[in-house]
Amino acid sequence: MTTSAYPTLTQGAFDAMLKELYPAGAPENVAMKRHPFMSMVKKVDDFEGDNLVIPIYYGNPGGRSATFNTARQNTSASYSAKWNLTQMSDYGVIQIDALTIRASRSNRGAFVNARKTEIDMMLKQLGNSAAHALYRNGYGYIGQVSGEPGTDTDLVLTDADDARNFVVGQHIMWTGAADGTSPIDSSNAREVTKVDESTGTITVGAALHTDVADTNYIWPVGDAGLTKITGLAGWIPLTTPGGSDSFFGVNRSVHANRLAGQRLNATGNSIEENILTLAESIVRQGGAPDKCFISHGNFSNLIKGLGTKVEYQGAGGSADVGFGGVQIHTSAGPVMVHPDPDCPANRGYVLQMDTWALHHLDGFPHIDTVDGNSSQRIVDSDGIQIRARYWAQLACIAPAWNGVFAI
């Protein structure tokens with residue numbers, strides 16, 4: 001193992017925040033990211049019990065005819081299904097030594113309070129993790145290897161945008177499959193020591209195992225497998241569900257459009273064309289889409305393609321967070337297109353937002369205070385440990401009124 005265990009924030013590490021090193025003002029937190037979909041989706045604190053049942057009707061009774069006897073002979077019930085949702089967990093833990101806490105207790109000693117700052121940044125990192133998961137299918141990998149890295153300490157990602165999912169000090173591992181199976185050198189994780197988002201290059205602290213290869217999947221340690229919130233890619237897959245499908249206990253193949261949403265795989269079309277076409281498919285199902293989410297790069301391409309037709313609109317989302325966008329006019333009305341850094345570059349989502357909710361238990365996220373304390377003393381050193389977490393799952397009450405398109 002090449003990683004250090006349980007690092008604690010010390011006064012030396014916190015020196016960058018202490019007043020004697022800054023002439024004025026507190027530094028910005030450049031780790032803070034904007035998450036439009038996560039901000040806009042409805043949050044519901046109702047996830048008590050072992051699971052949460054979300055019912056859905058997807059077929060009206062079939063017993064009708066122009067003649068009474070035929071209708072009577074062919075009577076049938078309506079068709080319904082129910083999602084049996086389970087909570088998914090995500091945790092953050094920090095440790096701070098006592099001297100650092102006391103040395104930064106006031107504005108006289110430091111621009112920022114060490115305890116508050118570390119807690120805020122831990123919660124933001126949990127938010128980053130959740131926002132990433134809300135676009136994926138429940139599997140927690142954060143990137144793929146491009147090329148054969150050999151035993152180098154550098155590896156290049158297949159999508160440079162995925163570099164934003166990595167942070168210095170993070171412990172990562174590899175698998176051969178997207179579902180977390182076929183782990184590679186699972187007993188020897190590597191610690192990230194450098195991130196280059198412009199080139200999509202990740203540097204680790206020790207030579208890579210010789211079995212790490214092209215297209216391998218990269219995971220934060222502990223995330224391998226179906227461990228995260230099931231996001232948009234799970235609820236609205238680009239591939240039509242097959243006969244063996246089992247999604248929260250439902251085989252969606254019996255009526256894929258109503259149970260797994262609309263899908264459009266027409267990469268030769270412009271983004272505007274795909275949005276219009278997919279919106280029409282949703283309207284035919286009875287939906288009224290109002291939002292579309294795409295990556296920042298794709299948003300720029302959309303703007304260039306629209307040219308003088310661009311119609312900008314202002315903020316949306318929570319009261320204190322604004323997300324600008326452009327409107328695309330469809331037969332269902334205007335669809336607001338928002339750039340979201342968490343959205344994969346090869347997907348776009350056209351959604352009816354009132355059909356979505358993020359169900360959680362307690363705050364999303366929240367500090368662990370189950371014993372009445374917001375922190376615990378570290379047993380073998382002079383400091384404290386603070387834990388944060390969330391338990392949550394995304395749900396859709398009408399997948400038919402939402403869709404995905406390939407880019």
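Which residues in the largest nonpolar core touch the most other members? The legends below take up this point among others. This is a predicted model, in which local features need pLDDT of at least 70 and side-chain atom pairs count only at pLDDT 80 or more, while totals for chains, interfaces and linings use all residues. Residues are numbered from 1 along each chain as its sequence is written, and side-chain values use heavy atoms, with hydrogens and water left out.

**Figure 1. Overview of the chain.** The chain holds 9 helices and 24 strands; these are DSSP runs numbered from the N terminus, helices being H or I with at least four residues and strands being E with at least two. Of its 407 residues, 47% are buried, where buried means under 20% relative accessible area, exposed over 50%, and partly exposed in between (1.4 Å probe, protein chains only). Among contacts (heavy atoms within 4.5 Å) with a separation of 6 or more, 75% are between residues 24 or more positions apart. The mean pLDDT, the predictor's confidence in each residue from 0 to 100, is 86, and 86% of the residues reach 70 or more.

Figure 2. Over residues 20-32 pLDDT stays under 50, and the model has 16 contacts beyond four places in sequence for them. Over residues 315-322 pLDDT likewise stays under 50, with 12 such contacts.

**Figure 3. The largest nonpolar core.** A nonpolar core is a set of buried Ala, Val, Leu, Ile, Met, Phe, Trp, Tyr and Cys residues joined through side-chain atoms within 4.5 Å. In the largest, which has 50 residues, Phe 37, Trp 83, Leu 85, Trp 235, Leu 351, Trp 356 and Leu 394 touch the most other members. Strand 23 (residues 383-396) gives the largest share of this core, 8 residues. Another core, of 18 residues, lies apart from it and includes Leu 264, Leu 302, Ile 303 and Ile 328. Not counting residues up to four places away in sequence, the residues that Trp 235 touches include Trp 83, Leu 85, Phe 247, Phe 248, Arg 252, Trp 356 and Leu 394.

**Figure 4. Ser 89 and its surroundings.** Ser 89 lies in strand 4 (residues 88-97) and is partly exposed, with a relative accessible area of 31%. Beyond its neighbours within four places in sequence, Ser 89 is in contact with Thr 227, Tyr 390 and Trp 391. Its side chain makes a polar contact of 3.4 Å with the side chain of Trp 391; a polar contact is a pair of N or O atoms within 3.5 Å, where within protein one must be able to donate a hydrogen and the other to accept it, and residues adjacent in sequence count only if both atoms are side-chain atoms. Ser 89 and Gln 393 are 304 residues apart in sequence, yet their C-alpha atoms are 9.1 Å apart in space.

Figure 5. The side chains of Gln 95 and Gln 385 are joined by a polar contact of 2.9 Å. Ser 375, in the loop between strand 21 (366-367) and strand 22 (376-377), is buried with a relative accessible area of 15%. Ser 375 touches Arg 115, Ile 384, Gln 385 and Ile 386, residues up to four places away in sequence not being counted.
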